[in-house]
Amino acid sequence: MPLSLPPLPPAPEIYLPGIHVGLSHYLLLSAILFGMGLFAVITRRHAVAVLLGIELMLNAANINLVAFSHYLSPHSNFGEMLYNTVLDGQVFALIVIALAACEAAVGLAIILALYRNLGVVNPDEVQSLKW
Amino acid sequence: MTAEIWFNDFAFYLIAGIILLSALGVIFARRVMHAALCLLPCLLGVAALYGLLGGHLLLAIQILVYVGAITVLILFAVMMLQRIVRGGLLAGSQHLLAGLVGAGMMSGIIMISILLTQFRPLLRPTQPSQFAGDNVRLIGELFLTKYLLPFEAISVVLLVAMVGAIILARKEPEE
């Protein structure tokens with residue numbers, strides 16, 4: 001009796017972005033920017049530089065939100081019916097910007113306090129809770 | 001119409017180049033001051049991308065808050081720390097291999113999943129300029145109706161963060 005195997009699932013298709021700018025271009029740019037921010041967070045030896053990396057990552061996330069809001073939500077040329085669903089991504093981006101401001105203020109204050117109390121530059125050297 | 005599309009493409013590639021080059025400066029500059037200054041064109045480029053995507057209010061807010069407030073705050077902190085810490089603020093790099101592997105894998109996974117996904121727009125997007133006047137009003141309405149709770153929550157978070165930052169950064173009183 002010949003062994004019958006189930007058919008293989010079709011190979012996933014790769015949708016290469018064209019020369020004209022579309023959603024994928026924005027997403028790819030944001031992915032690269034996010035990777036650079038993560039690289040900065042992992043490798044920098046100064047806490048302020050780590051904060052700069054976090055800002056890069058937040059901006060990458062924001063580009064994603066706005067790009068999705070622009071390309072994947074229904075728009076209307078006329079009439080105002082669809083407007084309410086269009087700008088949700090931009091609202092989220094605004095909230096992210098506000099949170100980034102909070103994060104920068106608190107982060108810089110923590111770094112200042114660290115310098116005062118421990119005199120430490122490198123976040124790897126902050127190990128008062130570690131024995 | 002085609003001229004507009006080509007202009008759009010050209011603007012995107014130009015801005016993307018600026019963003020990536022200045023991000024390289026942010027992650028490799030030796031001095032913290034230079035890294036913080038390299039963040040400026042990067043944030044301005046992101047603001048320009050918002051403009052391309054039709055977010056005119058976001059463009060203004062990005063310039064006001066990020067470029068005007070956060071970067072200045074960071075520069076201010078850097079200058080303040082330069083007085084406290086001896087020997088200047090050098091930010092060398094460490095764990096280069098781990099950073100390369102980690103960030104590369106993260107970025108690669110995201111990019112592969114983007115390339116394997118087919119995005120289909122629901123309707124044809126309009127030109128960004130047609131929303132120019134309405135953008136602010138619509139976002140304001142959204143903030144006061146559908147997203148009222150997040151709006152209030154973010155206000156409280158801002159207040160708490162402000163108080164917390166003051167308490168953390170304040171000099172301890174001498175005993």
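**Exercise 1.** In this predicted model, identify the salt-bridge partner of A:Asp88 and state how far apart the closest N and O atoms are.

*Solution.* The partner of A:Asp88 is B:Lys146. Their closest N and O atoms are 2.7 Å apart. Because the rule asks for a side-chain nitrogen of Lys or Arg within 4 Å of a carboxyl oxygen of Asp or Glu, the pair A:Asp88 and B:Lys146 qualifies as a salt bridge. Across the interface of chain A and chain B, the rule finds one salt bridge.

**Exercise 2.** Work out how much area is buried between chain A and chain B, and which residues of chain A lose the most.

*Solution.* Count the contacts: 81 residues of chain A meet 95 residues of chain B. The buried area is about 8100 Å², with carbon and sulfur atoms giving 76%. In chain A, the residues losing the most area to chain B are A:Phe39, A:Arg44 and A:Leu52, together 9% of what that side buries.

**Exercise 3.** Is B:Gly92 buried or partly exposed, and which residues of chain A does B:Gly92 touch?

*Solution.* Locate B:Gly92 in the loop between helix 3 (56–84) and helix 4 (96–115) of chain B. B:Gly92 is partly exposed, because its relative accessible area is 23%. Its contacts, leaving out residues up to four places away in sequence, are A:Thr43, A:Arg44 and A:Arg45.

Terms used: Residues numbered from 1 in each chain as written. Chains lettered and ligands numbered in written order. Predicted model: local features only at pLDDT ≥ 70, side-chain atom pairs only at ≥ 80, totals over all residues. Heavy atoms only, no water. Helix = DSSP H or I, 4+ residues; strand = E, 2+ residues; numbered from the N terminus. Buried < 20%, exposed > 50% of the residue type's maximum accessible area, 1.4 Å probe, protein only. Contact = heavy atoms within 4.5 Å. Buried area = accessible area lost by both parts, 1.4 Å probe.
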